[in-house]
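Trainee: Could you take me through the charged side chains of this model, with a close look at how they pair and how exposed they are?

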Amino acid sequence: MTEENENTEVKESKRKTTLGELGNRLPIYDGSENTEFTFREWDMDMEEKLSDLQEEAANVGAFVRSMMDLLLDEFKGKDYQSLGKEEKILALSQLHFPNMMYMYMALRVEELGHELHFENVQCPHCQKQIKDFIADLRGLDVECKDKEHEAIVDYELRKPITMPGIGDAPNKMVTGLRIAVSKWDSLEKVPSEKAANAEFVKKAIFNSAITGCTNNGELVDGFIDTKALIRKIKKIDIEKIGKVVVENNAGPDMKLSGNCLHCKKDFETQINWGYESFFDSSSL
């Protein structure tokens, strides 16, 4: 190992914990020293208000934000309900994507308990059905980015692209991207009719995560039309960037593990976090 390598400090990008260990604290550092949150009581009046919000919301992203807007009590050291309308919108729409998802998971545990019921799960090993499987949400893996962790990562394009009108250059070669943690409003910007279109959702999340471009490792100065940039990205980079964005976002892993009662092997199953199933009696 060279002297240069010995003196180079590698900054970790995250740490792993569980929902049960982390509790009501945001997993992704956003500049706030206080990361705690609490919820208001969810009674029948609240249930009716949430039902109305679900009917009015333009998409799932807007509904979850409205849901948290109604249910948050204390948020990062402040009385959330005392904030003005614009302050609330800014606080939640610009919240890191994994922080909002984590609060959603924590809300489910607080209101309905840590047990999550799956009516049927197919074991990926023996292919047999596991009926009435109960998973423990406290064991949900959560990747955290604390103050000391790297928030932005560099991605080198496999197929560099040329962008017009950047700075004083008629055409600027872009060889890499700077990728940060996505914001929640990236999901809010997806129209309901496009929600099932995986590529449309992917582009929206890309748009939120890409914070800059590089040319041979140097940050490209000047305005970047991110939407135009994304349209130029080639297939191999689309897929690889998707993995980088998910990896860098961190937050809750939307899978729970269990042990098959038939073959006795461990398996994982995906959480359906749709409001109708996640907060319904069928999940108990």
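Mentor: R15 counts as partly exposed, since its relative accessibility is 36%, a value that falls between the limits of 20% for buried and 50% for exposed. In this predicted model, the side chain of R15 meets that of D146 in a salt bridge, with 2.4 Å from N to O. R15 belongs to strand β1 (residues 15–18), whereas D146 sits in the loop between β7 (141–144) and β8 (153–166), so this pair ties together parts that are 131 residues apart in sequence. The loop between β7 and β8 also holds K147, whose partner E33 lies in the loop between α2 (19–22) and β2 (37–39), so that this pair ties together parts 114 residues apart in sequence. The closest N and O atoms of the salt bridge between K147 and E33 are 3.5 Å apart, and both K147 and E33 are exposed.

A further salt bridge joins K189 and D185, at 3.7 Å from N to O. Here K189 is exposed, because its relative accessibility is 57%, while D185 is buried, because its relative accessible area is 13%. Salt bridges with shared partners also link K14, E143 and E247 into one network, and a search of the whole structure finds eleven salt bridges.

Apart from these pairs, there is a surface patch of negative charge in which E41, D43, D45, E47, E48, D52, E55 and E56 gather. Of these, E56 has its place in helix α3 (residues 44–56), and E56 is exposed, given its relative accessible area of 62%.

Key. Residues numbered from 1 in each chain as written. Predicted model: local features only at pLDDT ≥ 70, side-chain atom pairs only at ≥ 80, totals over all residues. Heavy atoms only, no water. Patch = residues over 30% accessible without salt bridge, like charges linked within 9 Å, V, L, I, M, F, W, Y side chains within 5 Å. Areas by Shrake-Rupley, 256 points an atom, 1.4 Å probe, with all protein chains shown as cover. Salt bridge = Lys/Arg side-chain N within 4 Å of Asp/Glu carboxyl O. Lys, Arg positive; Asp, Glu negative; His and termini not counted. Charge placed at Lys NZ, Arg CZ, Asp CG, Glu CD. Helix = DSSP H or I, 4+ residues; strand = E, 2+ residues; numbered from the N terminus. Buried < 20%, exposed > 50% of the residue type's maximum accessible area, 1.4 Å probe, protein only.
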